Amino acid sequence: MICTTIINKSLEEILDILDLGMAEIRLDRCPLDLDDIETLFSTSDTPLIATCRVRRGTGDRSISWQEAEEKLTRAIEAGAAFADLEIEAPKEIGKRLRRACSEHGTTMIRSCHFFDGTPSEEMLKATARRCRQFGGEIVKIAAMAWTEEDVRRVADLYDDPELNFGKGTLVAFSMGDAGRQSRIDCLSKGAPFTYAALSEEEVAAPGQLTYSEMEEAVYSGWKPLEMSGESCLTINSSKSFAQRAIIAAALSKGTSHLKGYTSCGDNESALRVARELGAEVTVEGTEVTIEGAFSDGRPQFKDGLDAGESGLLARLSIPLAAALSGGEPVRIDGCGTLLERPLKGATEIMAQFGTIIRTQQGQKSDPDVKVPLSVQGPLLPGKVDISGKDGSQLISGLLMALPLLDKDTTLHVHDPKSIPYMFITCDVLRKFGIRIGSEMEGDEDFLETQDWSLCTGITFKVKGGQEYSAADFDIEGDWSSAANLLVAGALFGKVQVNGLDTASRQADISVMDILMDAGASISQLEDEEQEDGSPQHKGTITVQRAPLRAFQTDLNNCPDLFPIVSVLAAFCPGTSSMAGFRRLAGKESNRGEAILCMLDRMGVEAWNEDDTLFVEGESLESRILGGRLLRSGEYTSSHDHRMAMAIAVASFGAGSAMEIDDKECVTKSFPDFFKAWEG
């Protein structure tokens, strides 16, 4: 990235020019008092570096180490993304500022400047090691160059294996006229950013290019993603919440009102299943009114249940059909990619409840049964231990069906996956009057951290004889869909979205943690309070470019993020890893294979090992300067909505257009995606 050095500017002037992107605020050369510093670093969405060089002099030009520490500390506490401290700083000041950076999530830069000339190779290496040793998450080395040999010695720091600097952790370039090109070339060698002056009159160091010169040299025609005006994208409703709420309303007595509904293929299928259960459904704009099937007795199945292309609906329908059919076989149907997706574990799990699943050919014990199929109850209560290794959807169906039985059930799930979705089900059911107790299990690490990835088992206690009650329900915005737009902002420009709940149980809210781990700049407007005074957690979210880095994450509980997170990793310098790769085999496509094929087609090195996807990433600037933008041409979505959206986002980092063979598949979850993307 290009980091613009800001000098000789007041607070108001700085705030007016931060739309350039990343900036270094020279606190020693800007007339900012401590209150100004707090205001600037606490209100700006732009990733900012706080820098305060110690300067000897008289009057206003003098900056002591104590003053530098005070200014840097205030910036760090206010939210500076980076803090730059010279390696010459007293050790105690260095320790205190490192501690402050750690406490406030600020990345520390340790820097050294050689203004009199370029020292020996040994001195450069020793200085770089010292900067790293004393807290430099990013090391900056700048040296005055008089000859090409001087420039080469500094550039060689990037290639020295003894230094063992990871990609994106070293900024090394030469100063002076001889070093001007090195300020550009450092990006192709892996520097996370380089410095430019705001104008020729505001050059902060010898040989510094202006922002416009640097922009032309680096991006050479590539333009960042921009939203028109002050526009903000409103995210479609979560189909995870919508489908559960629709079915719960269909099972209720009375009339429910679901607000915030947006149409997509899976949601429309849920409305069809609700009608097939006997509910009366009316849709007006973004509100769905459902007269529950239990308003006049129990549901009467006529032609079975049609899940469309929704794996969730198919799995919800199986236990419900067993519980409600009175022992008569019920046909579960579907279409599209669902017909090729095995419902792993369904036959074995349902057998423990006395329910028989037969294939279209009448077979009873097919472990990889697919729709169409028939379900024959009863669904028997009791104490049951089942595996959760094949996902949460069938378990969610059981949680919806078991309260309808006459007696209580204790359901233990070992090896649980996609845990958040089970609790989304419980949360939705609670709105409709159903109470389910739960207790999670794990080792000492789980008990200490409550990290769901460490959970080894969950016990659900379901009281029988419960009745669903009609409810008014606000459907959350969809984090799964939003993830694509948020990653686009982090990689290629700036995106603002609203309609998302940052206190959501949706598993794909994990994209926020992943983006933060990768170094993206994320901010949210202050929440508006509800009538009872509690926050709504729904302020506008802004994600924009910042220097990125490789990350490690576990996607076992949110496998739908794999396609777009793999695209993110392609632009994060270094090797990123994503655990949970085996979860992808039973999606709309063989999604794991589709991701590897997509990345290979793009020219990105990636491989799967021990249930983990590894992606070798490179910064956007390095790709542009090195001629390694993603390959353009024809791509297949594998008829998978999440693959189509990921390819569309990746296309902004390609040399020219990426043509997707099937864009219509996005109607399954986000019909307006391409309309939003084009905007």
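In this predicted model, α16, α18 (562-570) and α21 each supply at least two residues to the lining of the second largest cavity. The search for cavities of 30 Å³ or more gives a count of two.

- Sorted by class, the residues lining the second largest cavity are five nonpolar, two polar and three charged.

**Helix α18**

- Nine of the nine residues of α18 are buried, so the helix is largely enclosed by the rest of the structure.

**The largest cavity**

- The largest cavity contains about 110 Å³ of space.
- It is lined by 13 residues, of which Arg545, Leu548, Phe571, Ser619 and Glu621 are the closest to its centre.
- At least two residues of this lining come from each of α16 (479-492) and α20 (620-625).
- By class, the lining of the largest cavity comprises 10 nonpolar, one polar and two charged residues.

**Aromatic pairs and the aromatic cluster**

- Across the whole structure, the search finds 15 aromatic pairs.
- Phe193 and Tyr195 form an edge-to-face pair, because their ring centres are 5.6 Å apart and their planes stand at 85°, where an angle over 60 degrees counts as edge-to-face.
- Both members of that pair are buried: Phe193 has a relative accessible area of 0%, and Tyr195 has one of 2%.
- Trp222 and Phe652 also make an edge-to-face pair, with 5.9 Å from centre to centre and 80° between the planes.
- Trp222 lies in the loop between α8 (211-219) and β9 (233-234), and Phe652 in the loop between α21 (641-650) and β32 (658-660), so their pairing ties together parts that are 430 residues apart in sequence.
- Trp222 is buried, at 15% relative accessible area, whereas Phe652 is partly exposed, at 26%.
- One aromatic cluster is formed by Tyr219, Trp222, Phe492, Phe571 and Phe652. Phe571, a member of this cluster, is also one of the residues closest to the centre of the largest cavity.

**Charges over rings**

- The charged end of Lys140 sits over the ring of Tyr195, at 4.1 Å from the ring centre. Tyr195 is also part of the edge-to-face pair with Phe193.
- Arg601 lies over the face of Tyr635, 4.9 Å from the centre of the ring.

**Leu48 in strand β3**

- Leu48 belongs to strand β3 (residues 48-51) and counts as buried, at 2% relative accessibility.
- Leaving aside residues up to four places away in sequence, Leu48 touches Leu18, Ala23, Ile25, Leu40, Phe41, Ala80, Ala81 and Phe82.
- The C-alpha atoms of Leu48 and Met645 are separated by 31 Å, and the two residues are 597 residues apart along the chain.

Terms used:
Residues are numbered from 1 along each chain as its sequence is written. This is a predicted model: local features need pLDDT of at least 70, side-chain atom pairs count only at pLDDT 80 or more; totals for chains, interfaces and linings use all residues. Side-chain values use heavy atoms; hydrogens and water are left out. Rings of Phe, Tyr and Trp (its six-membered ring) pair if their centres lie within 6.5 Å; planes under 30 degrees apart count as stacked, over 60 as edge-to-face and the rest as tilted. Buried means under 20% relative accessible area, exposed over 50%, partly exposed in between (1.4 Å probe, protein chains only). Helices (H or I, at least four residues) and strands (E, at least two) are DSSP runs, numbered from the N terminus. A charge sits over a ring if NZ of Lys or CZ of Arg is within 6 Å of the ring centre and within 35 degrees of the ring normal. On a 1 Å grid over the protein atoms alone, a cavity is a set of points where a 1.4 Å probe fits but cannot get out, and a pocket is an open set with protein on both sides within 12 Å along at least five of seven lines; lining residues have an atom within 4 Å of a point. Grid points are joined across faces, edges and corners, and a volume is the space filled by probe spheres set on the points. Ala, Val, Leu, Ile, Met, Phe, Trp, Tyr, Cys and Pro count as nonpolar, Asp, Glu, Lys and Arg as charged, and the others, Gly among them, as polar. Contact means heavy atoms within 4.5 Å.
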